[in-house]
Amino acid sequence: RAEISCGTIHQQQADTAARLTARRADLADLLGLPPTVPFDALPGPQFVVTTPDADEAAAVALSNRLDYAQILQDIDDARRGVRIARQTLLPDLEIASRYERQGQGDTAADGLSLNHNAWMVGVRLLSDFPPRAEQRALSQAEITERVARLRADTVQAAIRRQVVQALDVLHRSDGNLPLAGTTLAAARQRLELMRRLYSSARATTFDVSDAETQWRDADERWLAARSAVTVAAYRLLWTLGTLTDVPNSLKSGSEPAP
């Protein structure tokens, strides 16, 4: 049994070393460095974020998410298209005027005197009536605006749902971390106890091996729980749209206008 356990552990160690080498090469490639550059993993402080309530978090997300800002921009464009389409419904009128000077009288001299003024002012309709094409264009523009608003409502609901889910994942991850730490501390104490009992010949190597396995599993679960908290915190910031700084001109900052 000891030989089987030892062989299993050596195999796991070899697999872990191979995965570590591959991950280091991937990290070096991501950073634009040679694949042989060594990296040392050092423990860092736990990443902590301030979690607002669901309503406040949703408001922050709607003010900072660029995908929602693009939806609002689409609504503005559609509204502008409706205004333009309504302008095309107005009749296209042209005012024409003419001025002439002419003479009047019974003789040729009177006809050539050009002593009378003649004015003419008229209005001409250049567009088709009724404006069928313009009415179709207006209907299409109004449909486009309604579709954009429906899409905005859908995206807004999706963002609110994502915020609630991200907060829930972070809260659950925060709640699991103390339990994982307690389990790790208990496993460490049991391992120390088994080692002392083995030194006094009151425990076997199998007892020590089982304690070491439990301690290793508890340590992995604690690291996984710690990583889950960090990932959940970053995912919450991404959901809120505050993970990276973007210019205020690109943000929505408000709800869609009616």
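Is Arg-79 buried or exposed? Arg-79 is buried, with a relative accessible area of 17%. Buried means under 20% relative accessible area, exposed means over 50%, and partly exposed lies in between (1.4 Å probe, protein chains only).

This is a predicted model: local features need pLDDT of at least 70, side-chain atom pairs count only at pLDDT 80 or more, and totals for chains, interfaces and linings use all residues. Residues are numbered from 1 along each chain as its sequence is written, and side-chain values use heavy atoms, with hydrogens and water left out.

## Overall layout

The protein has six helices and two strands. Along the sequence they follow the pattern α-α-α-β-α-β-α-α. Both kinds of element are DSSP runs, numbered from the N terminus: helices are H or I with at least four residues, strands are E with at least two.

Of the 258 residues in the protein, 21% are buried. The accessible surface comes to about 18,300 Å². Carbon and sulfur atoms hold 57% of that surface. Accessible areas come from the Shrake-Rupley method with a 1.4 Å probe; for residues, only the protein chains shown count as cover.

Among contacts with a separation of 6 or more, 76% join residues 24 or more positions apart. A contact means heavy atoms within 4.5 Å.

## Helix spans

The expected span of a helix is 1.5 Å times one less than its number of residues.

| Helix | Residues in helix | First to last C-alpha | Expected span |
|---|---|---|---|
| α1 | 30 residues | 43 Å | 44 Å |
| α5 | 68 residues | 98 Å | 100 Å |

Helix α5 covers residues 132-199. Ala-201 follows α5 and has a positive phi, near 65°. Gly-32 follows α1, and its phi is also positive, near 75°.

## Helix α3 and its partners

Helix α3 (residues 66-88) holds Asp-74. The buried residues of α3 are Tyr-68, Ala-69, Ile-71, Leu-72, Ile-75, Ala-78, Arg-79, Val-82 and Ala-85. These buried residues pack against α2 (54-64) and α5.

Arg-79 also has a charged partner. The Arg-79 side chain meets that of Asp-76 in a salt bridge, at 2.8 Å from N to O. A salt bridge needs a side-chain nitrogen of Lys or Arg within 4 Å of a carboxyl oxygen of Asp or Glu. Asp-76 is partly exposed, at 31% relative accessibility. Arg-79 and Asp-76 are three residues apart in α3, so about one helical turn separates them. An α-helix has 3.6 residues a turn, so residues three or four places apart point the same way.

## Other salt bridges

By this rule, how many salt bridges does the count come to? The count is eight.

One of them joins Asp-74 and Arg-151, at 3.7 Å from N to O. Asp-74 lies in α3 and Arg-151 in α5, so the pair ties together parts that are 77 residues apart in sequence. Asp-74 is partly exposed, with a relative accessible area of 25%.

The closest N and O atoms of Arg-172 and Asp-168 are 3.0 Å apart. Both residues lie in α5, four residues apart, which is about one turn of the helix. Arg-172 is partly exposed, with a relative accessible area of 46%. Asp-168 is partly exposed too, at 38%.

## An aromatic pair

The structure holds one aromatic pair. Phe-47 and Tyr-234 are stacked, with 4.4 Å centre to centre and 5° between the planes. Rings of Phe, Tyr and Trp (its six-membered ring) pair if their centres lie within 6.5 Å; planes under 30 degrees apart count as stacked, over 60 as edge-to-face and the rest as tilted.

The pair links distant parts of the chain, 187 residues apart. Phe-47 sits in the loop between α1 and α2, and Tyr-234 in helix α6 (residues 205-240). Phe-47 is partly exposed, at 27% relative accessibility. Tyr-234 is partly exposed, at 39%.

## A nonpolar surface patch

Leu-27, Leu-30, Leu-31 and Leu-33 form a nonpolar patch on the surface. Together they have about 380 Å² of accessible area. Patches are made of residues with over 30% relative accessible area and no salt bridge: like charges are joined within 9 Å, nonpolar side chains (Val, Leu, Ile, Met, Phe, Trp, Tyr) within 5 Å. Leu-30 is found in helix α1 (residues 2-31). Leu-30 counts as exposed, because its relative accessibility is 69%.
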